[in-house]
Amino acid sequence: MKRASGRLIVVMGLLTLGVLPVKALAGPAVAFQSEDFELGLGKKWAVGSDKFSVVDSSLAFSGDKYLNLTGPSATGGDSLLWETSSAGYENISVSGYMKIHAALELTDRLSLGWSVDGLTWQIPIILSGSPVNEWTPFSFDLPATADNNAQLTLRWLAEFDGASDRVLVDQLSLTGSPVSVPEPSLLSLFGVGLVACLSRRYLV
């Protein structure tokens, strides 16, 4: 039994060394949240103004409906929150399509900001530079602080000064990779097998 104990200690030492080197396994990027507005603005949307509405029209990029944003905006802009979640995902990107249906002046802008606590908003992405009357794709990456967060929120902010200002948005998507998990090294797997073999030989 003493011989078995000594060998078991050596094997456990090898196993400990084998567990230390690990590498991260990140899955392929997938779309884990999407919005096509076909069912209107659901419970994950917090509407702060009647200037945001879902319209049923052939103007939609895909399907029958799209998000319609019009002016004039209130002082400080009109906002619409997409209260979503990135829990379980990292390397987050936001994408979609937009169309400026009526020309925006230099004083008009549409931006998209984000928050992980619903209170502090990060620097917004300005989306007002698209061609008029053309569906234009947009996509941008969020920093690592937006990864794996159940309180991730996106905020549309429209700052339009005229009643004729209008922007259409459709086919929103949040894309990310499943959060990385450690992979045991080959040495640790070897150690597990060796412990099993010796346990069977000496302890039975």
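Which residues form one aromatic cluster? Select Phe 37, Trp 45 and Trp 82, and you have the cluster on screen. Residues are numbered from 1 along each chain as its sequence is written. You are looking at a predicted model, where local features need pLDDT of at least 70 and side-chain atom pairs count only at pLDDT 80 or more, while totals for chains, interfaces and linings use all residues, and side-chain values use heavy atoms, with hydrogens and water left out.

Now zoom out to the whole chain. The protein has two helices and 13 strands (DSSP runs numbered from the N terminus: helices are H or I with at least four residues, strands are E with at least two). Of its 204 residues, 38% are buried (under 20% relative accessible area; exposed is over 50%, partly exposed in between, with a 1.4 Å probe and protein chains only).

Back to the rings: there are six aromatic pairs (Phe, Tyr or Trp rings, the six-membered one for Trp, with centres within 6.5 Å; planes under 30 degrees apart are stacked, over 60 edge-to-face, the rest tilted).

Select Phe 32 and Tyr 89 next. Their ring centres lie 4.3 Å apart with planes at 10°, so this pair is stacked. Phe 32 sits in strand β2 (residues 30-35) and Tyr 89 in strand β7 (residues 89-102), 57 residues apart. Phe 32 is buried at 16% relative accessibility, whereas Tyr 89 is partly exposed at 23%.

For the last stop, pick Phe 138 and Trp 156, an edge-to-face pair with 6.1 Å between centres and 85° between planes.
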